[in-house]
Structure formats: C-alpha cells, structure tokens
Amino acid sequence: MQTRKEINLTLTPAFVKQYVNGYPLIFPEAFTDISKLKEEGSIVNLVDQNKHFIAKGYYGRQNKGYGWVLSAKKEDKIDVHFFKKVIKDAIDHRKMFFDSQETTAFRVLNGEGDGMGGLTIDYFDGYYLLTWYSIGIYTFKKAILEALQSLVEYKGIYQKKRFDTKGQYLDDTDDFVCGEKAPEPLIVKENGVNFAIYLDDGAMVGVFLDQKDVRRTIRDKYAKGKTVLNTFSYTGAFSVFAALGGAKKTTSVDLANRSRAKTEEQFAVNNIDPELQDIIVEDVFNYFKYAVRKKLSFDLVVLDPPSFARSKKHTFSAAKDYTKLLKEAIQITSKNGIIVASTNAANFDMKRFKSFIEKAFKELGGKYRIEETFSLPEDFKVSEKFKEGDYLKVVFIRKIN
Ligand code: SAH
C-alpha cells in the first residue's frame, strides 16, 4: 500500500485565529504555500508561521475549496478508528430517525456538519448511500467503509461520485458497492408518505431529503381544499404531500421528460390516482406565460428551482433571477394564497432572500406577510463554525393583495 503524503501548510497570520476557532474549510487564500498541495488525499497539517500545529485535515478539491479540517488534535491519525468515532457520533445524533417507523429515509452524516467535509451518508430503509465530493475524500473509501460496516447492520451500500471522474481513483464505475442490491424501486417512508427510490439510476435517487419539514408543513397546514401549483417539480414530492393533505388538485411542472413517469409513480405508490392530478412537461417560464394568458390562479404555489439551470430559452440563476421568478408566481397566486419560495443557493443568505421577496412585491405594488421560514432539518446537521453550510432557505409567503 502506498503511504499517504503528509504536508505542513502554513497559515498567513491573518487567518490563524479563524482556524484556531474551528473553521473547517481549507481555502487557498488563507495559506502562504498552498501550491504544495499536489496529491488528492494528502494529509494536511495546518501550522502557523512558527510551525505550531493548529489542525489537520485532507486535500480534496471541490467547488467549495481545497479540502477540510478533520481534527484539532495533533495525535489523531486519520484512520478507521478515527472515522468510526466520527460516524458513531453522527449515528447517535440521528437516533430519533433510526427509531422511527414513519420515516425510513434521512441523512446520517452531513459532511462538515458532522466533522467530515466532502462526504455525506444517507439512509434509505436499510441501505446506505455514500456521496463523495472529491477525489481526496474518495481515497479514504476503504477505511470509511470499514468504519461504517463495523457500526451498522445494512442490507446494501451504494455510492455517488460527485467529482470529476477523470481522476485516477476510478476503480469502479458502478453505484453499487456491497451487500444486497436494492429493489427498484425501493419504497421508503417520510412522515408516513411513500417514496419510490432508485439508488442506481444516475445522479439523483428520486427525492431531496432536505425538504422533509417543508413537505410535512404543506401537507398538515396549508394544502386542504387548495389548488396547488408545484414548479420545478422533479418527481413531484411536494405535490404528493399536498394531495395527501387534501389538496383539491395539484399541477406539477418540470421540463425534464422523465418527470411525468416519475411523478405518476410517486402518486401511485401513495394510492393517489395520477389521472386526477395535472403533470406538465414544460419550461416553467413558458407555463407562467400560459397561466397568465389563461388567467389561471392557484391557492398554493411552490417555487423550488435549482440554483442554476440552463434550458433552451432561459438561463436561470437564483442569485440573479429569483425576484423575477417571484413576480411571475405572484401574478398567478390567488388573493390570500401562499407562495412557498425555496432555494438551495449557497451564495446568498436568508436576509438577502427576503430582500428578493420584498422587491418582487414592491415592484408589483402588492402586499404580503411571511407566515414561516425553514432552513435545513435536524438530520442535515450544520456546524456552528460553518454557518454557510446551512444552504436551504424556505419562506412561506401569504399574498395579501
Ligand atoms: N422541487 C423538487 C426538486 C427540484 S430539482 C423536489 O422537491 O423534489 C430541479 C428541477 O428543476 C429538475 O427536475 C429540473 O428538470 C427542473 N428544471 C430546471 N429548469 C427548469 C425550467 N426552466 N422549467 C422547468 N423545470 C426546470
């Protein structure tokens, strides 16, 4: 076995305090000698200019930075024993979920929120899904798997590689890692509602687990008797919860062709007749134009766009275009109706998001009230030291006039 490189990386004085205080992301501007980092997966010791140890982590390039701090203890070795400790703490934090009959799909380890940036582990009714965000973290695969396997009983383990697969560590291309293969679909539950999950069918498995509190709130407090428009609907998860909450009708709009069959399936596994719901495969921006022309209006409109998307006619960036999107939505929301505005864009915060809402209503001369807001749920643990890890922002807006 090749031995892992260990490198000292020197902090510029201005950044020492930040890392002493536990900041987990290794970013180039903080160091005088970042160019020393060459091999993904190298162990990095952060030191000050007097070579005093501050913290250790690993080198792994991802969009966010150059790697993550894993420990403030010099004597810690980054090995199976270390990963066992981290994963066990993460599992203990989700005890309530493991014990639940109503929810069998949730996040077990949320990257830096659980002290291990670059990796997430999700649970789907006995199956574990590991998502690797850099080649660097992927070099620890053997030790991390061994740690996980020693801690949990599992039916099977799957993985997603969310890094450039031209990397040298591509020893397997399959998402299936070990154990039994999952049925396709695998039926899991979230607050009593079924989801059809495909663990080995591309980058996404069928549901985004971070919206669980929002879906439940829509079902329990806002859906009854309402007409619901779900935009950027993907597999229709919000529509399913709305329908189960007694919505009069749901309309799901997504431009991906496969969204129709996927949404029909999510309705079907919950004994909802898809024939009684509308599923529309179209660009949301075209649909808004159509809806305005036809003078349609909805009591509840869900907006959950990707942070960035390019379709044939439009480029959408949440940071730049959310106000415009809201203005479209406001026009087809009934008086006293609700807009659920959601974004997972990490490049702006809740305050800024609320300013988009303010601007949209102001420009249309309308009044609104914020009913409630959400960020990441309990299982998506966020580090106090890295608040920007809490990317989810959801606002329930009541349109007053
Ligand atoms: N709201 C979904 C997740 C949305 S994922 C849920 O709760 O599960 C983003 C989705 O937006 C993708 O399915 C993608 O196909 C769709 N999308 C991106 N740009 C679009 C556009 N211009 N019009 C309609 N759908 C779009």
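Modeller: This is a predicted model. The ring of Phe208 pairs with that of Tyr234: the centres are 5.2 Å apart and the planes stand at 45 degrees, so the pair counts as tilted. Phe208 sits in the loop between strand S11 (193-197) and helix H6 (212-222), while Tyr234 sits in the loop between strand S12 (227-231) and helix H7 (237-244), so their contact ties together parts that are 26 residues apart in sequence.

Another is formed by Phe83 and Phe140, an edge-to-face pair with 5.6 Å from centre to centre and 70 degrees between the planes. Here Phe83 belongs to helix H2 (residues 80-93) and Phe140 to the loop between helix H4 (135-138) and helix H5 (141-151), so the pair joins parts 57 residues apart in sequence. Both Phe83 and Phe140 are buried.

Some rings gather in a group: Phe15, Tyr19, Tyr23, Phe27, Phe31, Trp68 and Phe386 make up one aromatic cluster.

Charged side chains also meet rings. Arg61 places its charged end over the ring of Tyr66, 4.0 Å from the ring's centre. Lys393 lies over the face of Phe348, with 5.2 Å to the ring centre.

Definitions and conventions: Residues are numbered from 1 along each chain as its sequence is written. This is a predicted model: local features need pLDDT of at least 70, side-chain atom pairs count only at pLDDT 80 or more; totals for chains, interfaces and linings use all residues. Side-chain values use heavy atoms; hydrogens and water are left out. Rings of Phe, Tyr and Trp (its six-membered ring) pair if their centres lie within 6.5 Å; planes under 30 degrees apart count as stacked, over 60 as edge-to-face and the rest as tilted. Helices (H or I, at least four residues) and strands (E, at least two) are DSSP runs, numbered from the N terminus. Buried means under 20% relative accessible area, exposed over 50%, partly exposed in between (1.4 Å probe, protein chains only). A charge sits over a ring if NZ of Lys or CZ of Arg is within 6 Å of the ring centre and within 35 degrees of the ring normal.
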